[in-house]
Amino acid sequence: MNIRATGGERLFSILNVVLLILLSAVMAYPFLYVLFYSISDGVAAGATTITFAPVKPTLDNYKAVLGNAGIMNAFFISAARTVLGTVLHVLVVCLVAYAITKKQLLWRKPIIVFFMIPMFVSGGLLPFYVIIVKLGLSNHFLVYILPMLFSAFNMLLAKVFFDQIPASLEESARIDGAGDAIVFFRIVLPSSLPLLATLSIFAGVSQWNAWFDALLFVTKQNLLPIQTLLYKIILESQATTVEQIMRMTQSKTQVTSEAVKMTTLMVSTLPILCIYPFMQRYFVKGMMIGAVKG
């Protein structure tokens, strides 16, 4: 039976749509501004105000940025820490979560409480800094990987998901002679694609956007990730990378320091924007299962 909306309900729906469009425009415009600036002629963009279209469109800014060895090295450092850090994080979290779903695990409840304590009580920045230095991780690539291997929140999310997998699947595999490793890698993980996608997005975005750890523990220029390099480019107008690019392109193009900043920002953002749509359907499903059952 169709129920006709009243005039007030239709007006409410129209206002909702208008409000959401305005909010979307407010959130999207800063990104579009950076995009338009990055594909505009640097000198022309600096002499006018960019609104809704690039000025004298050109790809010279991208050629200059992608042709700089420092920026490309930082890009590959970010990509390496994101791929390696995400894979190891998901593996460690799933192993721990799978173990604590087993009621026969010795000291199961104290172990869960132990893992949850850092969620509510933090040790603070100074002890964290001292531990990292004492472990010899300063100016080492592993400083990006080891501290982010485990997350109690993600572990709880994985535990809730694993609890919903029918026990009959595991029992059937064990009757056929499968051990714990085979059950975990051939039964549990293939049945947990939404969970794996959700954890991968959490860990991947966190790794890709991370910049503060490098600021604290890394002084070698060739170990800086793209986000930390971008931070230095934006906040330090005398940044060496910008100067190198300007010298390299001075006689060839109309690339400016502001255009370099905007283009570097786009280069650091595009990978996540390209990957996220492919993971979104698994991400939503994984989050809903965790929310309903949690």
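This is a predicted model: local features need pLDDT of at least 70, side-chain atom pairs count only at pLDDT 80 or more; totals for chains, interfaces and linings use all residues.
Colleague: By what are two packed helices described?

Modeller: Two packed helices are described by the angle between their axes and the distance between the axes. Here, the crossing of α4 and α10 is right-handed.

Colleague: Which residues make the contact?

Modeller: Helix α4 contributes residues including Phe75, Arg81, His89 and Val93, while Leu196, Leu199, Gln207 and Trp208 are among those from α10. Nine residues of the α4 contact with α10 are nonpolar, eight are polar and one is charged.

Colleague: And how is a pair of aromatic rings described?

Modeller: By the distance of the centres and the angle of the planes. There are 16 aromatic pairs in the structure. One of them joins Trp211 and Phe212, with 5.6 Å centre to centre and 80° between the planes, and is edge-to-face.

Colleague: Why is the pair of Trp211 and Tyr231 stacked?

Modeller: Planes under 30 degrees apart count as stacked. The planes of Trp211 and Tyr231 lie at 20°, with ring centres 4.8 Å apart, so this pair is stacked. The pair links distant parts of the chain, 20 residues apart: Trp211 is in the loop between α10 and α11 (212-217), and Tyr231 is in helix α12 (residues 226-235).

Colleague: What is the relative accessible area of Trp211?

Modeller: For Trp211 the value is 32%, partly exposed. Phe212, at 40% relative accessibility, is also partly exposed, as is Tyr231 at 29%.

Colleague: Which residues do ring pairs link into a cluster?

Modeller: Tyr29, Tyr33, Tyr37 and Phe52.

Notes
Residues are numbered from 1 along each chain as its sequence is written. Side-chain values use heavy atoms; hydrogens and water are left out. A crossing is left-handed if the near helix is turned anticlockwise from the far one by less than a right angle, and right-handed if clockwise. Helices (H or I, at least four residues) and strands (E, at least two) are DSSP runs, numbered from the N terminus. Contact means heavy atoms within 4.5 Å. Ala, Val, Leu, Ile, Met, Phe, Trp, Tyr, Cys and Pro count as nonpolar, Asp, Glu, Lys and Arg as charged, and the others, Gly among them, as polar. Rings of Phe, Tyr and Trp (its six-membered ring) pair if their centres lie within 6.5 Å; planes under 30 degrees apart count as stacked, over 60 as edge-to-face and the rest as tilted. Buried means under 20% relative accessible area, exposed over 50%, partly exposed in between (1.4 Å probe, protein chains only).
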